[in-house]
Amino acid sequence: MSGRHGPLRAGEAVLLIDRRRRRYVVTLQAGRVQDIRGRFAHDEIIGGDDGGTVRTDRGERFLVLRPTLADYVLDMPRGPTVIYPKDLATILIAADIFPGADVVEAGTGSGGLTMTLLRAVGPTGRLYSYEVRDDFQRRALRNVDAYLGSQRHLVARLHDIYEGIPDAPVDRIVLDVPEPWRVVPHAMAALRPGGIFLCYVPTVPQALQASEALRTAGGFALVETTETLVRGWNLEGQSVRPAHRMIGHTGFITTARRIRGRWQTPAITARGADASNIADEDRVAADDEATGESDVGPLEP
Ligand SMILES: C[S@@+](CC[C@H](N)C(=O)[O-])C[C@H]1O[C@@H](n2cnc3c(N)ncnc32)[C@H](O)[C@@H]1O
């Protein structure tokens, strides 16, 4: 599905949505007849517009759309859990992924983050994606190919990133592996000065261990951890309220900048914490909030 414009083509995956918002992904094949609460021919969709409709022989109507990347990531065949679109979006900005960037990613998993990074680095960038399981890698590459088409700027390696980063130097390192702190020494060697390390982990102990490794490595600054909450709203007539359900917890994103030399950061850690430090930091933050001050000033013209 490399072409995102023009009429829908045989071989493309399309998203069918019924009036009750139920979603079905089908791959269009000339001559094929589909049965989803009634029959319709794929030929009725092929050659039509993105955003058109199709009606089954039982009168059911479906909206026909090219899936967005977020649609595709949630609906594609997967093995390992993919990163939710809200976190994929945050990762792109938190890691400052730019067109032309050289990026290392691990693990490839089902390929959701891989596709997101590939689109952001564009054809002038390069993505090195490492995975330890060849069955996962094969499925991920099929997913990438099905959605983005062949990607010359993707280098997929069967490689354990805990053993090292053979593709250096790079601008960004983006990790979705269980023990990202084991990558910190390799990231020190592989990242260009000013480069960004980012890891995504589901639990607090993992986020803490990654932050501690970055803080004590002696070559990183601005170590920060965030989580992203997105709450939908219902805006219909008098029913104006937050949605009843939301994706609660997914994961924590920790980022750091590779710097030259050492940068002293206060030792605010659970183990060996200096309580006066914590109290001071919290008080400064509260004061800034109250007075509207911040340590970020306007850019010089
Ligand atoms: C949660 S999945 C990644 C999902 C992926 N981000 C996506 O969006 O589809 C974690 C992946 O990391 C791989 N992995 C675990 N340890 C690894 C290592 N040391 N080096 C490379 N890949 C690793 C696992 O095999 C698994 O496929």
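Asp171 sits in strand 10, which runs over residues 170–175. The model in which it is seen is a predicted one. Asp171 has 22 other C-beta atoms within 10 Å, and because a residue with 20 or more counts as buried, Asp171 is buried. Apart from neighbours within four places in sequence, its contacts are Ala101, Asp102, Val103, Arg192 and Gly195. Asp171 can also be placed relative to Phe98: the two are 73 residues apart in sequence, while their C-alpha atoms are 9.5 Å apart in space.

The wider setting comes next. The protein chain has 301 residues, and 31% of them count as buried. It holds 7 helices and 15 strands. Among contacts in the chain with a separation of 6 or more, 60% are between residues 24 or more positions apart.

In soluble globular proteins, nonpolar side chains tend to be buried together. Here the largest nonpolar core has 54 residues, and those that touch the most other members are Val103, Leu117, Ile173, Val174, Leu175, Phe197 and Leu198. Strand 11, residues 191–201, gives the most to this core, with 7 residues. Phe197 shows what such a position looks like: leaving out residues up to four places away in sequence, Phe197 touches Ile173, Ala187, Leu191, Leu214, Phe220, Thr255, Ala256 and Arg258. A second core is separate and has 7 residues, including Leu8, Val14, Leu28 and Ile45.

Helix 2 covers residues 85–94, and its buried residues are Asp87, Leu88, Thr90 and Ile91. These residues span an arc of only 165° around the axis, and so they lie on the same side of helix 2. An α-helix has 3.6 residues a turn, so residues three or four places apart point the same way. The cover over the buried residues of helix 2 includes helix 3, strand 10, strand 11 and strand 15. After helix 2 comes Asp96, with a positive phi near 50°.

Helix 6 takes in residues 204–217, 14 residues in total. At 1.5 Å a residue, helix 6 should span 20 Å, and its end C-alpha atoms are 20 Å apart, which agrees. Its buried residues are Gln206, Ala207, Ala210, Ser211, Ala213, Leu214 and Arg215. Leu214 is also one of the residues touched by Phe197. Covering the buried residues of helix 6 are, among others, helix 5 (184–190), strand 11, strand 12 and strand 15 (252–258). Just after helix 6, Gly218 has a positive phi of about 85°.

Arg21 is not a glycine, yet its phi is positive, about 65°. Arg21 lies in the loop between strand 1 (13–17) and strand 2 (23–27). With 7 C-beta neighbours inside 10 Å, Arg21 counts as exposed. Leu222, likewise a residue other than glycine, has a positive phi near 55°. Leu222 belongs to strand 12, residues 220–226. Leu222 has 12 other C-beta atoms within 10 Å, and because exposed residues are those with 12 or fewer, Leu222 is exposed.

The backbone also has cis peptide bonds to point out. One joins Ala168 to Pro169, with omega near 0°. Pro169 is in the loop between strand 9 (154–158) and strand 10, the strand that holds Asp171. Another cis peptide bond runs from Ala106 to Gly107, with omega near -15°. Gly107 is in the loop between strand 7 (102–106) and helix 3 (112–121).

Gly107 leads on to the ligand. There are 22 residues around the ligand, and those that come nearest are Pro80, Gly107, Gly109, Ser110 and Gly112. Helix 3 and strand 8 (126–131) each supply at least two residues of the shell. By type, the residues of this shell are 12 nonpolar, 6 polar and 4 charged.

Notes
Residues numbered from 1 in each chain as written. Predicted model: local features only at pLDDT ≥ 70, side-chain atom pairs only at ≥ 80, totals over all residues. Helix = DSSP H or I, 4+ residues; strand = E, 2+ residues; numbered from the N terminus. Contact = placed C-beta atoms within 7 Å. Core = buried A, V, L, I, M, F, W, Y, C linked by C-beta atoms within 7 Å. Near = placed C-beta within 6 Å. Nonpolar A, V, L, I, M, F, W, Y, C, P; charged D, E, K, R; others polar. Expected span 1.5 Å × (residues − 1). Arc of directions from axis to C-beta.
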